[in-house]
Amino acid sequence: MRRSAIQCCRALLHTNYITANTAPQSPATHSPGTGLKRGFFTTGVSQSYNSRRVEITSPEQRKAFFDTHVLVLELQANGFKKEQAEAIVTVIANLTSANMESMYKDMVTKPQQEIMLQQIMAHLDSIRKDMVILEKSEFSNLRTENEKIKIELGHVKRHLVDEVKKMRADTTLDLNLEKSRIVDMFRDQEKQLMATKTEFTELNADTALGVAETNKKIDTDIALLKTMLESLKLETVRYLAASVFTCLAIALGLYRMWQK
């Protein structure tokens, strides 16, 4: 009998333990404030969404979850004394109350869940507003920077146009000066060439005249030499003829003298 009562108590304790461990987890045990604010930087003050303690059942209802008197009577009927039965029932009631208390800690009511959801949505709205404000401020800053860049680009463009015009004018002036200098140099060289050509023509004419005069003089000298040579030939012939006749006369005279 005692064994059956002890088994009954063990079964009741095991049932209470399983009920306490398999109780559904309430969203109030989590800290939604930290999970939702992860990765966001807002200008508002961070809030922590802690759930309120809600009394689901009154303390009077929590004191006993079963008929303790009936259990005491059953234990007495199974051979336990009255003090032992009351002690066992007291222990079982305390364990059951502790298990149910731990289970009620993890529970939340529907109104409280709706309040928490409204708080989260309000926080998300504030984050969305902060993001919109941040986007607007960044857009205005970007637009201001773009305007500044456009103004600077306009100044740079005008400066470049002025520099290009100045360089073009300087280049045109340099080209014109160089062109005029080249034309003047070409004219000077042409004048020098004409003067050189005239001098060469005059020198060529003088040279031709000198050569002609020299040729004439040479021809005259050659003619004189030929005349002198002819005269010398005649004189030589005469001298030889006179010499021959003289020798013949001498020989003839000697021959005549020898014959006598």
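Modeller: Keep in mind that this is a predicted model. We can start with D125, which counts as partly exposed, at 34% relative accessibility.

Colleague: What does the D125 side chain meet in a salt bridge?

Modeller: R128, with 2.7 Å from N to O. R128 is partly exposed too, with a relative accessible area of 48%.

Colleague: How far apart are D125 and R128 in the helix?

Modeller: They are three residues apart in helix α6, so about one helical turn separates them. Side chains of opposite charge can pair when their charged atoms come close.

Colleague: How many salt bridges does the structure hold?

Modeller: Two. One of them joins E178 and R181, whose closest N and O atoms are 2.2 Å apart. Both residues lie in helix α6, again three residues apart, about one turn.

Colleague: Changing topic. Where does UniProt place the transmembrane region?

Modeller: The unreviewed UniProt entry puts it at residues 236-258. In the model that span is 100% helix and 0% strand, and its end C-alpha atoms lie 32 Å apart.

Colleague: Which residues make the nonpolar surface patch?

Modeller: V244, F245 and L248, giving a patch of about 320 Å². F245 sits in helix α6, which covers residues 110-259.

Colleague: Why does F245 count as exposed?

Modeller: Because its relative accessibility is 56%, and the cut-off for exposed is over 50%.

How values were computed: Residues are numbered from 1 along each chain as its sequence is written. This is a predicted model: local features need pLDDT of at least 70, side-chain atom pairs count only at pLDDT 80 or more; totals for chains, interfaces and linings use all residues. Side-chain values use heavy atoms; hydrogens and water are left out. UniProt positions are given in the numbering used here, feature names are shortened, and annotations may be inferred rather than shown by experiment. Helices (H or I, at least four residues) and strands (E, at least two) are DSSP runs, numbered from the N terminus. Patches are made of residues with over 30% relative accessible area and no salt bridge: like charges are joined within 9 Å, nonpolar side chains (Val, Leu, Ile, Met, Phe, Trp, Tyr) within 5 Å. Accessible areas come from the Shrake-Rupley method with a 1.4 Å probe; for residues, only the protein chains shown count as cover. A salt bridge is a side-chain nitrogen of Lys or Arg within 4 Å of a carboxyl oxygen of Asp or Glu. Buried means under 20% relative accessible area, exposed over 50%, partly exposed in between (1.4 Å probe, protein chains only).
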